[in-house]
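Student: Please take a close look at a single part of this model. Start from the whole, then work down to the side chains.

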Amino acid sequence: MVLVEGIGSLGTRGEQKPVPIASVTKVMTAYVILKEHPMRADAPGAAVVADQRAADESYSSVETTAPVLAGRTYTQRRLLELMMVPSGNNVARLLARWDAGDEKAFVAKMNRAAAGLGMGATTYTGVSGMETSTRSTAADQLRLARAAMKDPAFRQIVATASVTAPGAGVTFRNTNKLLGRDGVIGLKTGSSTPAGGNLVWATRQEVAGADRLVIGVVLHQRAGTSPAEGSAAAHEASRALIAAIRAELPAAANRA
């Protein structure tokens, strides 16, 4: 599904039924954190102390994590970057506990936010996307992406090409391989065997003399295969969509 700000939807493809969305879930996690703890563009945000649980979960063979040190103080911005750029599940859970006291209370906030945005086909059951019971549609995720991209701090975070984990000396590149190409300025990847490959992307394009934000959502690509295969399929489908839009949209807008 693709939407062009100021023009509208370019349509959908495939059945719009709720499917697992893997780490695309973290778009809502970040959205709620920034609603509860607003940050100015370029600001570090609040101070957050990493707990022992987040540190213990820093290294895993079964999920994507980012290293944090127990007792160390991190900026809100850096933790959001570690959650969104390398997709650190442990950092998502840390931010949820910091905000709401426990993850269950934070998930309730996520579902309230979804309802407020009119995401009627979406159910969140966790904050990281590990749970296959977290399900949504392309249309709902596009609603969320559109709302989230209005926040300057969110736009900066999802456009971050790489981030270093303080104290760990590890630098991670953004999992969104389209970032920085063809005007792409974000947004979030997500992949697992049940969810397949998922990618929410945002790009900027000049249309009829105006700079437009274009947002697309690709879900459930090659579900049932490996996360790597699904991710590659989501990136390829998104790349093809962006190429078609960049080639055809300006001429179509001029004819309208």
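Tutor: The accessible surface of the protein is about 10,900 Å², and carbon and sulfur atoms account for 50% of it. Such areas come from the Shrake-Rupley method with a 1.4 Å probe, and for residues only the protein chains shown count as cover. This is a predicted model: local features need pLDDT of at least 70, side-chain atom pairs count only at pLDDT 80 or more, and totals for chains, interfaces and linings use all residues. Residues are numbered from 1 along each chain as its sequence is written, and side-chain values use heavy atoms, with hydrogens and water left out.

Of the 256 residues, 50% count as buried. Buried means under 20% relative accessible area, exposed over 50%, and partly exposed in between (1.4 Å probe, protein chains only). The C-alpha trace spans about 60 × 40 × 35 Å along its principal axes. The protein has 8 helices and 11 strands. These are DSSP runs numbered from the N terminus: helices are H or I with at least four residues, strands are E with at least two. The radius of gyration is 17 Å, close to the 18 Å from the globule rule for 256 residues, so the protein is as compact as a globular protein of that length. That radius is taken over C-alpha atoms, and the rule is 2.2 Å times the number of residues to the power 0.38. Take contacts between residues at least 6 apart in sequence: 64% of them join residues at least 24 apart. A contact means heavy atoms within 4.5 Å.

After α4 comes G101, with a positive phi near 95°.

α4 is mostly covered, with 10 of its 12 residues buried. Among them are V91, A92, L94, L95 and A96, but also N89, N90, R93, R97 and D99. Which elements do the buried residues of α4 pack against? They pack against α1 (26–36), β4 (47–49), α2 (52–56), α3 (76–84) and α5 (103–116).

Next, the charged side chains. A salt bridge is a side-chain nitrogen of Lys or Arg within 4 Å of a carboxyl oxygen of Asp or Glu. By this rule there are 13 salt bridges. One joins R97 to D51, at 2.9 Å from N to O. R97 sits in α4 and D51 in the loop between β4 and α2, so this pair links distant parts of the chain, 46 residues apart. R97 counts as buried, at 13% relative accessibility. D51 is partly exposed, at 25%. A network of salt bridges links D51, R53, E57, E63, R93, R97 and E103.

D99 of α4 has its own partner. Its side chain meets K109 in a salt bridge of 2.8 Å, N to O. D99 lies in α4 and K109 in α5, so the pair ties together parts 10 residues apart in sequence. D99 and K109 are both buried.
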